[in-house]
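Please read the following note beside the sequence and the model.

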Amino acid sequence: MPKRPARLIPDPPRGLRERPRADGSVRIWWEPPAEARAKGMTPVELDETRLTWSRREAEKLNREAGKTPRRRAVGLTVGHVIDDYVATSLKFRKKSPTTKIKYRQFFANIREKWGDELIADFTKPVINSWYETLYDRRGKWMAIALIRHFSILFSHAELRGWRPEGSNPCARLGMEIPKGRRRTASWDDFDALVAAADRLGLASVGHAIFIATLTGQRQADIVEADRALFREISIDTGEAEPLALWTWQLTRSKRGNTSVLPLSPDLVARIRPRLEDDGTGALLVDERTGTAFTPDRFRARFEEVRAAAIAAGNPGLKGLQFRDLRRTFGRLARAGGAEKGDVADVLGNTADEDQYLGDVYMAPEIMGLLRAIGAVRRPEKKSEERKQA
């Protein structure tokens, strides 16, 4: 039986481990005991070429592991509150999948900074100090978003009895509320983007630009639109002939409200090849992969299209985001004479009303939506004769 090689560090401190490697070198590391692991300590690699340093480092780690942990009530850390909110909160469960993803992203930021801290220990000065740090380092939008999501956790802790009622330290901080985004696109911007998409062979991005500008819907709903939910229908308006319309049955990802949107003739003309395809699946397909878009891939394709449009002589498109096309619809519809309430119905900003019941479409509701969508019209170009006159 081969003799075990002598240890590089005789009589090692607790937790110091040695193991020969296949190449003849020796791995040296410190292994935390179970109680230290429970506190979050993990193995630490040491240096087989610096034995005295490795011994001292292992002894230091043992001292840290042996410290009496701060006394805490089990399950009252910020990390526990996050886990409990995501797992048990009815409010969270009722949110859309897209909103849940965003919440988890913000919670991950909060966990990284505060996950091991006691939820009961937070005070308004602590939160205010963090807000000011975030404001300076990450900007006003991220600062207010993180504080608002932290506020949700404190409110949840109050409901669970883990903080006194009315003790939310995020309340009444006097945070600076950023002005809402106001950017919109012009018809020239619209044409430049669509032309760039077609030049790049990204017709589906052009389709998406049409849909966003002419229906005012969100990127997530457009990218995930199902071909099977686009249908041609006839509705009785009281006239001699029924009105034939292409419609999109849409359940909005953010609010969960359902609507049946009539499509304008310009939009139908643009996406007719897809509408005439009786197949199911995604309405929009990435031409380069032949598969449905993911949110990140669509974002990348749109940015490529925008860059191409700018390079083609449209510098005004710098900074334009896809979400600005939704706001563009609202501006164009109102400019075309649509009532504010009709525009809101199309955008889905009103109370949840299911306008789709089986195969029965309610003409008054459809007509209200059609008034807003039909109000988005290009201005007529003046003729040469009129200019000369």
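How many residues lie between S5 and S6 in their hairpin, and which residue in the turn has a positive phi?

1. The hairpin formed by S5 and S6 has six residues between its strands, and Gly256 in the turn has a positive phi of about 75°. The model is a predicted one, in which local features need pLDDT of at least 70 and side-chain atom pairs count only at pLDDT 80 or more, while totals for chains, interfaces and linings use all residues. Residues are numbered from 1 along each chain as its sequence is written, and side-chain values use heavy atoms, with hydrogens and water left out. Helices (H or I, at least four residues) and strands (E, at least two) are DSSP runs, numbered from the N terminus.

2. S4 and S5 pair in the antiparallel sense over six bridges, and Ile233 has Leu245 in S5 as its bridge partner. Strand S5 (residues 243–251) is joined to S6 by five bridges, again with the two strands running antiparallel; here Gln249 has Val260 as its bridge partner in S6, and Leu250 stands opposite Ser259.

3. Is strand S6 enclosed or open to the outside? Five of the five residues of S6 are buried, so this strand is largely enclosed by the rest of the structure; buried means under 20% relative accessible area, exposed over 50%, and partly exposed in between (1.4 Å probe, protein chains only). Thr258, Val260 and Pro262 point one way from S6, whereas Ser259 and Leu261 point the other way, and all are buried.

4. Turning to the helices, two packed helices are described by the angle between their axes and the distance between the axes. Helix H3 (residues 78–88) and H5 pack at an angle of about 160°, with their axes 9 Å apart, which makes H3 roughly antiparallel to H5. Axes are lines fitted to C-alpha atoms, for helices over the stretch in contact, and angles run from 0 to 180 degrees between N-to-C directions; those under 35 degrees count as roughly parallel, over 145 as roughly antiparallel, 65 to 115 as roughly perpendicular and the rest as oblique. The crossing of H3 and H5 is left-handed, a term used if the near helix is turned anticlockwise from the far one by less than a right angle, with right-handed used if clockwise.

5. The structure holds 17 aromatic pairs, where rings of Phe, Tyr and Trp (its six-membered ring) pair if their centres lie within 6.5 Å, and planes under 30 degrees apart count as stacked, over 60 as edge-to-face and the rest as tilted. Phe92 and Tyr103 form a tilted pair, at 6.2 Å centre to centre and with 50° between the planes. This pair links distant parts of the chain, with Phe92 in helix H4 (residues 90–93) and Tyr103 in helix H5 (residues 97–114), 11 residues apart. Phe92 is buried at a relative accessible area of 2%, and Tyr103 also counts as buried, at 12% relative accessibility.

6. Trp187 and Phe190 form an edge-to-face pair, at 5.5 Å centre to centre and with 85° between the planes. Because they are three residues apart in helix H8 (residues 187–199), Trp187 and Phe190 are separated by about one helical turn. Trp187 counts as buried at 16% relative accessibility, and Phe190 is buried with a relative accessible area of 4%.

7. Ring pairs also link Trp114, Phe122, Trp130, Phe150 and Phe154 into a cluster. The charged end of Lys113 sits over the ring of Trp114, 5.2 Å from its centre, and that of Arg27 sits over the ring of Trp29, 3.8 Å from its centre; the term requires NZ of Lys or CZ of Arg within 6 Å of the ring centre and within 35 degrees of the ring normal.

8. Asp11, in the segment before strand S1 (16–20), has a positive phi near 50° and counts as exposed at 69% relative accessibility. Arg172, in the loop between helix H7 (140–160) and H8, has a positive phi near 55° and counts as exposed at 74% relative accessibility.

Conventions:
Two strands pair if DSSP finds at least two bridges between them.
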